[in-house]
Amino acid sequence: MHPKDQHQRISKLASQVMNLYHGDFMGKGEHHVSFMTMRQKLQQRFLTHMEALGQYWLQQGDHDRAVACFERALEADPVAEEFYQHLMKAYRQAGRNSDAAQVYQRCRQNLATILGISPAKNTVEIYKSLQN
């Protein structure tokens, strides 16, 4: 397959994946164990695809599409710290350090509010690298 055709195909598939996932399976209110297992599997599958697509777009130098994938993943799981890391790196590569710093602040606030924890050492190191 020609690289341009492959790029267009991946772009189309990325849009489809982002449009298909509408949040938690059966909503957040349903607590039946079998639904929770399915919900977790679907969310994890979605996050895996968003990470792969985001990394693909970064390798292609398409920072805006990478950012869109990582942001969409954070909509699905606002405490998935690895996506904050990916997002900060994408912004840094695009020369948008102030946007990356804002992502760090959002990460710090969400982790503290939702989980009562601080960002991991790796996340803090990425943030500190923005100030150099």
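In which hand does α3 pass α4 at their crossing, left or right? The crossing is left-handed, taking that to mean that the near helix is turned anticlockwise from the far one by less than a right angle (clockwise would be right-handed). Some notes follow.

1. Ground rules. This is a predicted model, with local features needing pLDDT of at least 70 and side-chain atom pairs counted only at pLDDT 80 or more, while totals for chains, interfaces and linings use all residues. Residues are numbered from 1 along each chain as its sequence is written, and side-chain values use heavy atoms, with hydrogens and water left out.

2. Overall make-up. The protein chain has six helices and zero strands, where helices are DSSP runs of H or I with at least four residues, strands are E runs of at least two, and numbering starts at the N terminus. Buried residues are 33% of the 132 in the protein chain; buried is under 20% relative accessible area, exposed is over 50%, and partly exposed lies in between (1.4 Å probe, protein chains only). Of the contacts (heavy atoms within 4.5 Å) with a separation of 6 or more, 51% join residues 24 or more positions apart.

3. The core. The largest nonpolar core has 29 residues, and Phe70, Phe83 and Leu87 touch the most other members. A core here is a set of buried Ala, Val, Leu, Ile, Met, Phe, Trp, Tyr and Cys residues joined through side-chain atoms within 4.5 Å. At least two residues of this core come from each of α2 (33-59), α3 (63-76), α4, α5 and α6. If you click on Phe83, look for Leu47, Met50, Glu51, Phe70, Ala73 and Leu74, which it touches when residues up to four places away in sequence are not counted.

4. α3 against α4. These two pack at an angle of about 160 degrees, with axes 9 Å apart; axes are lines fitted to C-alpha atoms, for helices over the stretch in contact, and angles run from 0 to 180 degrees between N-to-C directions. That makes α3 roughly antiparallel to α4 (over 145 degrees; under 35 is roughly parallel, 65 to 115 roughly perpendicular, the rest oblique). On the α3 side the residues that meet α4 include Val67, Phe70 and Leu74, and their counterparts in α4 include Phe83, Leu87 and Tyr91.

5. α4 against α6. Here the angle is about 15 degrees and the axes are 10 Å apart, which makes α4 roughly parallel to α6. This crossing, too, is left-handed. Glu81, Gln85, Met88, Lys89 and Arg92 in α4 meet Asn122, Thr123, Ile126 and Ser129 in α6.

6. The two sides of α6. In this helix (residues 121-129), Thr123, Ile126 and Tyr127 are buried. They sit on the same side of α6 because they cover an arc of only 100 degrees around the axis, judged by the directions from the helix axis to the C-beta atoms. Their cover includes α4 (81-93) and α5 (97-115). Exposed Lys121 and Lys128 are on the face turned away from the buried side.

7. Thr123 up close. Thr123 counts as buried because its relative accessibility is 0%. Leaving aside neighbours within four places in sequence, Thr123 is in contact with Glu81, Gln85, Met88, Tyr104 and Cys107.

8. Asn97, for contrast. This α5 residue is partly exposed, at 29% relative accessible area. With neighbours within four places left aside, Asn97 is in contact with Tyr91, Arg92 and Leu130. The C-alpha atoms of Asn97 and Ser129 are separated by 9.5 Å, although the residues are 32 apart along the chain.
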